[in-house]
Amino acid sequence: MTTSPVFLPEPSAASCSNPPILRERGQREVFCGLTGIMWLHRKIQDAFFLIVGSRTCAHLMQSAAGVMIFAEPRFATAIIEERDLAGIADANEELDRVVMRLLERRPDIRLLFLVGSCPSEVIKLDLSRAAKRLSERVAPAVRVLNYSGSGIETTFTQGEDACLAALVPSLAAAPADAPESLLVVGVLADAVEDQFRRIFADIGIPHVDFLPARKAGAMPGIGPNTRYLLAQPFLGETARLIEGRGGQRIAAPFPLGAEGAAGWIHAAGATFGIAPAVIDAAIAAPLERARKAVSRYRDMLAGRRIFFFPDSQLEVPIARFLHRELGMELVEVGTPYFHKEHLAADLAMLPAGTAFSEGQDVDRQIERCRKAAPDIVVCGLGLANPLEAEGMTTKWAIELVFTPIQGFEQAGDLAELFARPLNRRARLEV
Amino acid sequence: MQLTVWTYEGPPHVGAMRIATAMRDLHYVLHAPQGDTYADLLFTMIERRSKRPPVTYTTFQARDLGGDTAALFQTACHEAYERFKPKAMIVGASCTGELIQDDPAGLAKASGLPIPVIPLELPSYQKKENWGAAETFYQIVRHLAGPHALPPNAARPVRAAGEKPRCNLLGPTALGFRHRDDVRAISGLLERMGIAINVTAPWEASPADIARLGNADFNVVLYPEIAGPAAQWLKRSFGQPIVSTVPIGVGATRDFITEVARLAEIDPAPFLKAEESRLPWYSRSVDSTYLTGKRVFIFGDATHAIAAARVAREELGFEVVGLGTYSREFARDVREAAARHGIEALITDDYLEVEAKVAELQPELVLGTQMERHIAKRLGVPCAVISAPVHVQDFPARYSPQMGFEGADVLFDTWVHPLMMGLEEHLLGMFRDDFEFHDGAAPSHLGHASRAPARAAEPVIEVAVPAMAEAGSAEVAVEEGPTGWAPEAEQELRKIPFFVRGKARRNTESFADQRGIRLITVETLYDAKAHFGR
């Protein structure tokens, strides 16, 4: 662990800025992008997500949640039936009927996403036209947008990318002579967002927006003076579209762990011309708290070997955190998709020779994992119990997406997520 | 298109997975995109299985669609065979795989694998999980046992003298509601009756076991939703009669013993005498008096719902006020059962309709699935789970069957537990304003933490689901209706326990209506009470 806050450290000779990557193509064991709706529908409080898909999509949504969220969730599935496929019913008319019924039932909805699925993509149901058509009918009370969460195009967290990318064109244009402003992109837990907001205010960045906002009517404007900071490493398409509207990315490590959070804040501060000393002073207390919280788990995790199956695309920054702040050894860092540019700062902090893999052939990867016999395996829910039964210790990857882990105050929680399975194993005597 | 929030059943290929996962030495190659792999977690997390389901997903992506997805499928078949060395393979497509029309059946046939390859046609846009499980089991049985079928019109060979009667136990699958424990309960019962179990399937059966299904004298169908079509085919092909009674409850278990004994040509009397359940005595115990006429709403798969209705009425003395199923294939059976209880069956797979019905009927107990558990929680009505769809809680560590006499004991405990005990219920009626003993108070043995927000429940429905307001809330209708309530009568009505208040309100209003009474007074309320009884 470093002793002073870092800001984009110079890649050392021993780092891996441009590492070799094992690319695999075979059976995958990952969620599709629809799963992102689980957290997106809670984040944007007046948005509704209507999946246009099959019974499988609906079943995924209720099974993947692990528990059914019965507080009338703000998502649903319009299940395509035989009559829609056979042309007996016009799929577009059917969709309009379903949407109108839904909006009648839920007058509180201001933003409706039509979410494409594998079946709707394969039958080429044009949801962007449907969204335009429906928008005209229900505007101005409700805005209708669309994106695809299909498993033939998106993996797990890419669903959030697709959703935010759909929002970008609808954001208001900030005037060209507007002052420079900061936009944080990516869903963060509300409490984490509030923490960052306070820190940015403390260091003197006057105006900070978050995308997505908590309300449909409060989405930020963007323009050539927007400087944006990614809060999540899986937002490639959203970033591309923001740049298309003039926004400029602030290169930074992702705000995971004490070091990541410090690097992230420093990168933003530097962009706005704030002296590093001012930033250091503003974050000194939370940084110290984060280090203290993380250090509690160092004894348990240092020297332990970790293996990542691909899941959330958070693997690289989390691996960086576990390696640098907790002293863990990285056996394999698997990720569904490797965005080298966005991950540059995190990669620069990883040791040379780290084994990366992209994509998946699950049976081969399980073989590698067995052979490597790591101390802890990060994997999806389908694999966790079978690997535990083989004697491995696992951490469910999905918890990393459903738990607030970003920022100083959560750095200890993030470490604890990895310590807990080892701790549990140590306690059990049966 | 059907607007759906929660579903009772998954798609048909999940039904096929339940069969494949229950069996040994069988592998399922599924033409499907990556997202469909979520289904693995149903088995590894909900059922806590220690092995991955034996399923290979071809994992085609958008960029493959213009190219050769068929080759991808064939490669997946070959690699799965090499890696897992199954004794038989089932192949098919998920909903998306079906749309790209690669013909898995033809491709698998052409693949030249040295094992039986059984193609599945599971129309994802018409059918659902249980149908998919039934069709898959039927296809496996037909393909693997078919070569051993009797020649047309041949009679079953007679059992050798001194040989035990033999039966198959059909229907238990992975991810079934208590299938694991029902198999143990019924196997034990049959063995005590001196009947050998030839094969239990699909539960832990291998393809070789399926091939010898014909060696049994008759078939016991535990779950008609799953084993019905296969058992019918076995009856036609091997002349094996079917035990049609599902042994849930004391009465049904007795009927089951009698029916089995008849087919096995043995005397049931000693077993009816020897086998015991505590349920009959517990139900006759004076402590259970308070269960009399409790209004119960039942919803689940057809088998469990019909069985629960019988147990509820005949063995616990409840009144069945609602009975329904999401198993459309068995709608007729459920309608007939409902008619026996003098009610109309609710056949739907829309949980909002079920919720509206529960709200309308205001039962004192709901017996349902995990969906009804949530509905009941919201409405503040006690609930016990009797059927799939399942949740991790439905796989208890302890032995907890639904079938046989031990199962009947489990039913008694599980259904009575959520209710308020007799004396407590009386006290609640007597001292309504007690700050701890108020309206929505949960049974004290369940602790205050689990208290259901009974009073809040009604407005929640009205706000969240406006479309349901007409159906769901009698209170709204009343204020607009022709008959009004005097304030003192309203006050008096509130002294009636919340779970029967809706019924009292409706009864009083119809009583007033029939007599042309425009204003309901305290007098009217008690006149109506005297008129209707409890």
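1. Ground rules. Residue numbers start from 1 along each chain as its sequence is written, while chains are lettered from A and ligands numbered from 1 in the order in which they are written. As this is a predicted model, local features need pLDDT of at least 70 and side-chain atom pairs count only at pLDDT 80 or more, but totals for chains, interfaces and linings use all residues.

2. Domains. Bounds here come from an automatic or database domain assignment. Chain A splits into domain 1 (21–28 + 293–427), domain 2 (33–154) and domain 3 (181–284). Between domain 1 and domain 2 of chain A, the C-alpha centres are separated by 33 Å. For chain B, the assignment lists domain 1 (12–127), domain 2 (148–274), domain 3 (279–430) and domain 4 (473–532). Domain 1 and domain 4 of chain B have C-alpha centres 59 Å apart.

3. Chain B overall. You'll find 24 helices and 16 strands in chain B (DSSP runs numbered from the N terminus: helices are H or I with at least four residues, strands are E with at least two). Of its 534 residues, 50% are buried (20 or more other C-beta atoms within 10 Å of a residue's own; 12 or fewer makes it exposed, in between partly exposed, with C-beta atoms placed from the backbone). Among contacts in chain B with a separation of 6 or more, 70% link residues 24 or more positions apart (a contact has C-beta atoms, placed from the backbone, within 7 Å).

4. The sheet in chain B. Here 4 strands of chain B make an open, parallel sheet in the order β7-β6-β8-β9 (strands pair if DSSP finds at least two bridges between them). β7 (196–201) and β9 (242–243) of chain B are the edge strands, each with a single partner, so one side of each lacks a neighbour in the sheet. Strand β6 (residues 166–170) of chain B is joined to β7(B) by 5 bridges in the parallel sense, and B:Leu170 sits opposite B:Ala201 in β7(B).

5. Helices on that sheet. Helix α9 (residues 224–238) of chain B packs on the sheet, where it touches β6, β8 and β9 of chain B, and its direction makes about 165 degrees with β8(B). Helix α7 (residues 179–192) of chain B lies across β6, β7 and β8 (218–221) of chain B, at about 170 degrees to β6(B). Both angles are between N-to-C directions on a scale from 0 to 180 degrees, with axes fitted to C-alpha atoms, for helices over the stretch in contact.

6. Parallel strands in chain A. β6(A) and strand β7 (residues 208–211) of chain A run parallel, joined by 4 bridges, with A:Leu182 opposite A:Val208 in β7(A). From β6(A) the chain passes through helix α8 (residues 190–203) of chain A to β7(A) in a right-handed β-α-β crossover (right-handed: clockwise from the first strand over the helix to the second, with the strands pointing away from the viewer). Strand β6 (residues 181–185) of chain A also runs parallel to β8(A), over 5 bridges, and there A:Val184 has A:Leu229 as its bridge partner.

7. Around β8 in chain A. Strand β8 (residues 226–230) of chain A has 4 of its 5 residues buried. With strand β9 (residues 248–249) of chain A, β8(A) makes 2 bridges in the parallel sense; A:Arg227 faces A:Gln248 in β9(A). The crossover from β8(A) through helix α9 (residues 236–244) of chain A to β9(A) is right-handed.

8. The A–B contact. Chain A puts in 52 residues and chain B 48 residues. On the chain A side, α2(A) gives the most, with 8 residues. That side of chain A divides into 27 nonpolar, 12 polar and 13 charged residues (Ala, Val, Leu, Ile, Met, Phe, Trp, Tyr, Cys and Pro are nonpolar, Asp, Glu, Lys and Arg charged, the others, Gly among them, polar). Strand pairing also crosses between the chains: β3(A) and strand β1 (residues 2–4) of chain B are antiparallel over 3 bridges, with A:Ala78 opposite B:Leu3.

9. Helix α1 (residues 12–22) of chain B has 11 of its 11 residues buried, B:Arg18 being one of them. Its cover includes α2 of chain A, along with β2 (26–31), α2 (39–46), β3 (55–57), β4 (88–93) and α6 (129–145) of chain B. B:Glu336, in helix α14 (residues 331–340) of chain B, counts as exposed because it has 11 C-beta neighbours inside 10 Å.

Terms used
Two residues are in contact if their C-beta atoms, placed from the backbone, lie within 7 Å.
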